[in-house]
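The following exercises are to be worked through with the sequence and the model side by side. Each task is followed by a solution that goes step by step.

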Amino acid sequence: MVILQKFARGLLLLGAFAAAMAQAPVAREIALSVDLTDAPRKLIHATETMAVSPGQLTLVYPEWIPGEHGPTGPIDDMAGLAIAARAANEQACMPGSDRRVKWERDKVDMYAFHLTVPEGCTELEIKLDFLATAAPVGFSAGASTSENLAVLSWNEVVLYREGANPADLRVAPSITLPSAWQFGTALHRRETPSVDAPTYSVSFEPVSLETLVDSPVLAGKYFKEIALAPEVTPKHFLDMAADGPEDLALSPEHVAEFSRLVREAGALYQSRHYGEYHFLVTLSDSVAHFGLEHHQSSDDRVAAKAFVEDDRFLLSGSLLPHEFTHSWNGKYRRPAGLATSNYQKPMEGDLLWVYEGLTQYFGEVLAVRSGIWTPEQYRDILAEKAASLDNWPGRTWRDLQDTATMAQVLYEAGGGWDNWRRKVDFYDESALMWLDVDTNIRKMSGGKKSLNDFAAAFEGLGGNTAPKVVPYTFEDVVAALNAVVPNDWASFLRQRLDTNQTHAPLGGIENGGYKLTYGPRPNSWTDKEDAQSDTVDFWYSLGLHVRASGTLEDVLQGGPADKAGLGPGMRLVAVNGRGFTPALLRAAVNDAEGADGPPVELIVENSGYYKLLKVDYHGGERYPVLERVTGTPDTLDDILRPLAKQSK
């Protein structure tokens with residue numbers, strides 16, 4: 001009842017906010033129309049008009065996109081830029097038929113375009129195309145189109161004045177779609193014309209450029225919208241677009257789990273910072289798979305069968321909880337270094353261990369509390385992540401803090417030796433750290449307090465609000481933790497952030513009543529993950545990840561395979577004289593077990609050259625598992641229990 005009362009008060013606040021916005025004068029809006037009818041051909045067309053004054057002008061293309069943590073604005077996929085001048089009195093502005101204005105790219109800042117607005121001209125018309133041709137791998141936010149769907153990220157198709165604050169620029173957006181397509185977005189549509197034609201256009205209520213960039217559109221021929229937790233206000237929707245209608249057949253059980261996610265998030269954060277929320281889910285094997293957070297929606301891109309095949313659903317089970325959590329942690333509460341005044345100012349990622357690490361922790365906990373994962377599955381996942389980080393030699397030279405500080409570079413790093421390079425480990429290792437914080441709070445308070453209290457106070461600051469950014473610093477995080485349970489939290493966090501210790505922070509697992517051990521068989525999660533990725537895991541034995549084809553994806557620096565001379569990119573040709581198969585390699589590892597066991601002999605191909613290498617390892621197969629410590633409090637199990645009273 002208390003939660004519902006808070007939601008009711010928040011709804012009144014949001015209504016007042018909307019009324020105020022409606023009454024506010026709209027000064028010289030930018031008009032931005034985007035044509036998605038060529039999206040199946042990887043072409044998106046945009047036309048933008050803006051009011052200007054004669055003289056020198058610099059326009060910029062968004063470079064630092066919120067949530068992407070780096071200078072990732074895909075300007076290399078922007079083409080066909082043409083700028084024309086206009087005026088009410090056309091004869092006063094560039095008399096004649098050619099009204100094009102010459103632009104020149106800045107010689108240092110590739111995202112800036114200099115031009116001169118002619119005398120008498122009061123408006124620019126900007127046309128450009130976005131080439132959605134990036135390969136569907138990695139974090140390719142601009143690559144999401146296929147024959148039957150498209151995701152529009154507005155930052156890909158807009159220019160704005162240099163130095164302007166996107167929060168102060170008003171934009172009237174519209175889209176044109178094939179007549180058979182539907183769409184989902186957090187933007188509010190104006191009246192949609194009903195036309196019997198191959199295409200139709202939809203205009204949306206004017207918003208700030210900041211809100212526009214924060215409000216992607218998911219559209220497609222095979223589209224379905226489902227209302228989640230209908231008793232909850234504000235409203236929540238699952239909007240899905242797929243390459244085929246069969247991939248939209250989400251079971252009632254999974255719909256119920258996503259509805260429980262909505263309720264559990266409300267019970268955890270005790271607030272909503274949006275007018276309504278849309279999970280925009282792209283189900284396709286033709287686009288990159290990832291998630292990107294927004295205030296009132298999330299851009300969630302998963303495999304085509306992710307919602308209709310059980311194993312795929314489990315493997316992507318934390319994606320929606322993670323991105324949903326970002327509405328509170330990352331969009332509403334945001335590190336000061338990431339809360340920049342515009343899209344050209346470089347971001348500082350030193351607090352990404354809060355932004356992403358706390359989100360990783362609560363996203364996975366919410367996946368269990370809402371029933372997407374079972375507690376047993378979560379423990380298997382936790383065991384795998386903890387063991388990986390505990391066998392991660394890069395930690396001896398790069399501390400956790402540096403993985404956050406250097407994130408803008410490390411997101412693009414990779415290709416082998418990642419365990420020695422160490423990349424954006426602040427997702428999983430910070431989640432371990434936040435588990436440590438949670439279990440310590442519970443221990444120090446005798447079970448009366450938990451990290452749930454921190455989440456409600458810190459992420460729910462101010463109760464229900466309209467979307468906005470409330471920045472925070474390291475000191476703010478420490479103060480909020482001290483408000484829950486007094487402690488030297490600054491030293492607690494810094495010890496874990498700045499250490500170069502060999503082992504991962506496993507205190508949360510141990511305080512939770514478990515310990516990390518190893519057994520001779522993969523746990524259920526490792527089995528599913530290897531099957532989907534077509535890899536075989538020998539990380540905790542030979543010290544390598546190998547694809548079913550025999551190609552080595554990575555080799556553990558300092559491990560047995562490394563000492564034998566193997567490296568990433570090499571290909572296993574034979575095992576003990578027989579053509580390589582994963583089963584033969586597994587058998588060889590088991591045959592070598594014991595002090596008297598023979599080494600594992602491998603014929604390896606590297607850049608067209610072959611050699612015989614012997615791996616001197618005799619410990620048998622080893623896979624991580626969490627083992628319950630008898631006689632200790634089952635704190636981890638308490639953490640995973642649902643908070644919300646579930647609606648039938």
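**Exercise 1.** Which residue in β6 is the bridge partner of W103?

The model is a predicted one, in which local features need pLDDT of at least 70 and side-chain atom pairs count only at pLDDT 80 or more, whereas totals for chains, interfaces and linings use all residues. Residues are numbered from 1 along each chain as its sequence is written, and side-chain values use heavy atoms, with hydrogens and water left out.

Step 1: strand β5 (residues 103–105) runs antiparallel to β6, and 3 bridges join them; strands are DSSP runs of E with at least two residues, helices are runs of H or I with at least four, and both are numbered from the N terminus. Two strands count as paired if DSSP finds at least two bridges between them. Step 2: the partner of W103 in β6 is L115. Step 3: β5 and β6 make a hairpin, with 6 residues between them. Step 4: β6 (residues 112–117) is also joined, by 6 bridges, to the antiparallel strand β3 (residues 55–60), where V60 has A112 as its bridge partner.

**Exercise 2.** Describe the open sheet that contains β15, and find the helix that packs on it.

Step 1: the sheet has 5 strands in the order β15-β16-β17-β19-β18, and its pairing is mixed. Step 2: β15 (222–228) and β18 (290–293) are the edge strands, each pairing on one side only. Step 3: β15 and strand β16 (residues 235–242) run antiparallel and are joined by 7 bridges, with Y222 bridged to A242 of β16. Step 4: helix α3 (residues 252–269) packs on the sheet and touches β15, β16 and β17 (276–283), its direction making about 50° with that of β15; contact here means heavy atoms within 4.5 Å, and angles run from 0 to 180 degrees between N-to-C directions, with axes fitted to C-alpha atoms, for helices over the stretch in contact.

**Exercise 3.** Determine how α12 and α15 are oriented to each other, and which residues meet.

Step 1: the axes of helix α12 (residues 428–444) and helix α15 (residues 489–497) come within 11 Å and cross at roughly 150°. Step 2: the two helices are therefore roughly antiparallel, a label for angles over 145 degrees. Step 3: M433, D436, V437, N440, I441 and M444 of α12 meet W489, F492, L493, R496 and L497 of α15. The residues of this contact divide into 8 nonpolar, 1 polar and 2 charged.

How values were computed: Angles under 35 degrees count as roughly parallel, over 145 as roughly antiparallel, 65 to 115 as roughly perpendicular and the rest as oblique. Ala, Val, Leu, Ile, Met, Phe, Trp, Tyr, Cys and Pro count as nonpolar, Asp, Glu, Lys and Arg as charged, and the others, Gly among them, as polar.
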